Amino acid sequence: MSLLAVAPEEDIHALARTLHHAGIAAAYTLATTPHTLSSALIDEPWDMVLVRPGLPGLSPTDALHLARAARSDLQCVALLHREETESAMALLKGGMDDVVVADDPILPAHMARLAREAARRREHSRLWRDMRHDVQQWRGMVDNTLLGIFRCQPWGDLVHANAAFAHILGHDDPAALVQQLRTENRSFLDKNRMEHFLSRLSERDCIDDFEADLHKVDGTLTRVMLHARIIRDDNGEALSIEGTMEDIERRKSFEAVIINAKQEWEKTFDSVPDVIIIFSPELRIRRCNKALGRLLGLHPRDLVGRRCEEVLGSGSSPNDACALLRSQESAGFSTGELHLPFLGGDFLVTLSPLQTGQNDEPAGDIVMVAHDISNRKRLESQLRQAQKMEAIGTLAGGIAHDFNNILGVMMGYTEMSLDQADEDSPMHRRLSEVLEAGKRARDIIHQILTMSRQEEPSRQMLSLSSPVRETLRLLRATLPANVDIRVDIEDTAPVLANQSQIQQVVMNLCTNAAHAMRAKGGVLTVALDAVDLSAEEAQQRSLEGPATFARLRVRDTGHGIPSEIRENIFDPFFTTKKPDEGTGMGLALVHGIVTGHGGHVSFTSTAGFGTEFEILLPVVSGHATKAEGDPDNLPKGGGEVLVVDDEASLALVMGEMLESMGYRADIATSPFEALERFSESPSRWAFVVTDQTMPGMTGMELAAHMLGVASSIRVILCTGFSEGLTEEAAHKAGIARLLYKPVLRADMAEAVMGLAVSAGQGESSEAPVTVA
């Protein structure tokens, strides 16, 4: 049984002892403040939250609200003593799930029942989530299938239909289609055909392959095939008709062509995904398959008689496809990789003579088979790029440790120099800029390490105005002079985001906008504000609402996006640019980043007037910012601290940080020297600060030796780059605190205060850690 206790420790300890005597194992965690309660609610799935009324700073009502916000199925139980039972009814009316009495003889049985109820609630929540997931999946299949699905009354009036069914009738909205047919008092089939359909259906309750001519909304006819069955109740009465409808107009046209030709040969010829063309000796197309027609947007019969250059394009290279066809020997075969510009890619082309079937003599015609290898070429290029990035990441990870040490010295001394400069002096301003630059360098190193370890980019509370302005400053120098940038940026509530990815979104959108205006110039407008969306508005964008969102808009006055390609602009590798101008990944990355942040991206475009992209990202309220290391607010302590780092300058910086907090720092640049000093007098040291990567012995190994000498010693481990070293692994090895380089004074102060808190909870070392 796992308990999250909002109560004094002595009460919960007594409860756990009572349960233990009854044979019930109970593990508990104390949470006596709103912050610790909120953090603990995230950590693990508790059986219940046990609340003791009267706890200072955290009322039962507040605890109940925090628990419900974290998990709606989590039980909240009030813990009372027998003399307090008159308040039980008020607690239950206030929302508590139950009340237990600490000195009640049936307390163990009561708690066991609550544990079973917790398990039942978790299972109920899981089943409910699974059911909603299944419903969404099936609904998605119905809505997204290309097959028309419908339900109608037993007499033929349409009741429900999916999008594909409406599309077949030439309508965009299924609900509007149903309403229109109901208003016009007619069915989706004409009267005679519907009567025939219902008559055949009533004979067997099921009908397959029923063909009919269907009138679309615009009055045109299309050929459809219906499959349907009658749905009856337990008494055999017809309730409705359910079925599918398929548009077979195109298929019927193809069947007519196949009937007039050699049926089996045509099927084989047109089913090949590769391009097949038969050229006459004059290099005009005699026949081609549908693969070529799809690439050119024409029917194969419309290509018959066209010259080679009209279909494949021509170039000055001797390896041009048409030039190779002219030089093709009458009885020879040849294969090679060619770029066919009119077909939009690279192809593996095989040329061979056409045999007539009479003594295998060539007819003079040439058969060309072209297999599209554009995707393979693209993947090969991506693989080479990935290998380069992997090599860069490995190299970056290797040098990051040394670079972090250098930053640590620079930033550490800069912080301490700031303490000695007047706040209004030019020196204070300059040093502040140096420190901020160091922080930006630290963030860059963290991004490099993230890349080298192939981790997901971290997210943090971020105001969008800062990365947007910074990206625009970088862009101004790269955009054409004829593009005017107009900025309208408001400060918004922060979002949980990765700064580099947000900058990448802004960079890609602005670069695309500038590309659309490169010929005639124009105005690039970037706006940032906050917008409140109602639940309905948010649902239309697949977002949760009602809520407030940070809205980023990027607008250009370029040529706009043609309507025929608007559905494809977020597809990976889809681009209208020339091969050397873009990869087609920009908008795909924008879409992936925005949706990955729980946001939404959309656009509006008018041909000849421009395009506007809108990015919506959910804002986060109630955020807290980390306080800077104000020297007046630093913890003041006492005692001697052993500082270990093979970089003497970095060890000195950390030593001075600790001395500014009132400690006496003893520096060791060798782990062996440090271990010897420590072993001589373990009780001398309040705690130890050590680097992880050192020659001959790592910080983890040094900590293990020290803990073997004195198990109560507190160790703060500093690391810049170490494979597999996580806070969990460090904690299991006995490390009290893990700090990531470069270490600022605020980081060190927070770690020291953490040691003091732990010491106050009964885990003190022989030399106590004191903080004033």
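What follows is a set of questions and answers on the terms used for this predicted model.

Q: What makes up the secondary structure of the protein, and what share of its residues is buried?
A: The secondary structure of this predicted model comes to 25 helices and 29 strands. Of the 772 residues in the protein, 41% are buried, where buried means a relative accessible area under 20%. Among contacts with a separation of 6 or more, 59% are accounted for by residues 24 or more positions apart.

Q: Why are α22 and α23 called roughly parallel to each other?
A: Helix α22 (residues 671-680) and helix α23 (residues 699-709) pack at an angle of about 10°, with their axes 10 Å apart. Angles under 35 degrees count as roughly parallel, and α22 and α23 are therefore described in that way. On the side of α22 the contact is made by Pro671, Ala674, Leu675, Phe678 and Ser679, while α23 brings Leu702, His705, Met706 and Val709 to it. By residue kind, this contact of α22 with α23 divides into 7 nonpolar, 2 polar and no charged.

Q: What makes β25 and β28 edge strands?
A: The strands in question belong to an open sheet of 5 strands in the order β25-β24-β26-β27-β28, and the pairing in this sheet is parallel. The strands β25 (664-668) and β28 (737-740) each pair on one side only, and these are the edge strands. From one strand to the next, the twist averages 20°. Within this sheet, strand β24 (residues 640-644) and β25 run parallel and are joined by 5 bridges, and Leu642 has Asp666 in β25 as its bridge partner. Helix α23 lies across β24, β26 (685-691) and β27 (715-719), and runs at about 155° to β26.

Q: How do you know that strand β1 and strand β3 pair?
A: Two strands pair if at least two bridges are found between them, and strand β1 (residues 2-6) and strand β3 (residues 48-51) have 4 bridges, in the parallel sense. One of the positions is Leu3, whose bridge partner in β3 is Met48. Helix α5 (residues 107-144) packs on the sheet and touches β1, β3, β4 (75-80) and β5, and its direction makes about 150° with that of β5. The sheet itself is an open one of 5 strands, ordered β2-β1-β3-β4-β5 with parallel pairing. Its edge strands are β2 (27-30) and β5 (98-101), each of which pairs on one side only, and its twist averages 30° from one strand to the next.

Q: Why are the buried residues of α2 said to line one face of the helix?
A: In helix α2 (residues 34-43), the residues Leu37, Ala40 and Leu41 are buried. Seen down the axis of α2, these buried residues fall within an arc of 105°, so they line one face of the helix. On the other side of α2, His35, Ile42 and Asp43 are exposed, and exposed means over 50% relative accessible area. What covers the buried residues of α2 includes β1, β3 and α3 (60-70).

Q: How do you know which strands pair with β20?
A: Strand β19 (residues 522-533) is joined to strand β20 (residues 547-555) by 9 bridges, and the two run antiparallel; Asp529 stands opposite Arg551 in β20. Strand β22 (residues 610-618) also pairs with β20, in the antiparallel sense over 7 bridges, and the bridge partner of Leu552 in β22 is Ile615. Each count can be set against the at least two bridges that pairing requires.

Note on methods
Residues are numbered from 1 along each chain as its sequence is written. This is a predicted model: local features need pLDDT of at least 70, side-chain atom pairs count only at pLDDT 80 or more; totals for chains, interfaces and linings use all residues. Side-chain values use heavy atoms; hydrogens and water are left out. Axes are lines fitted to C-alpha atoms, for helices over the stretch in contact, and angles run from 0 to 180 degrees between N-to-C directions. Angles under 35 degrees count as roughly parallel, over 145 as roughly antiparallel, 65 to 115 as roughly perpendicular and the rest as oblique. Contact means heavy atoms within 4.5 Å. Ala, Val, Leu, Ile, Met, Phe, Trp, Tyr, Cys and Pro count as nonpolar, Asp, Glu, Lys and Arg as charged, and the others, Gly among them, as polar. Buried means under 20% relative accessible area, exposed over 50%, partly exposed in between (1.4 Å probe, protein chains only). The arc is that of the directions from the helix axis to the C-beta atoms.
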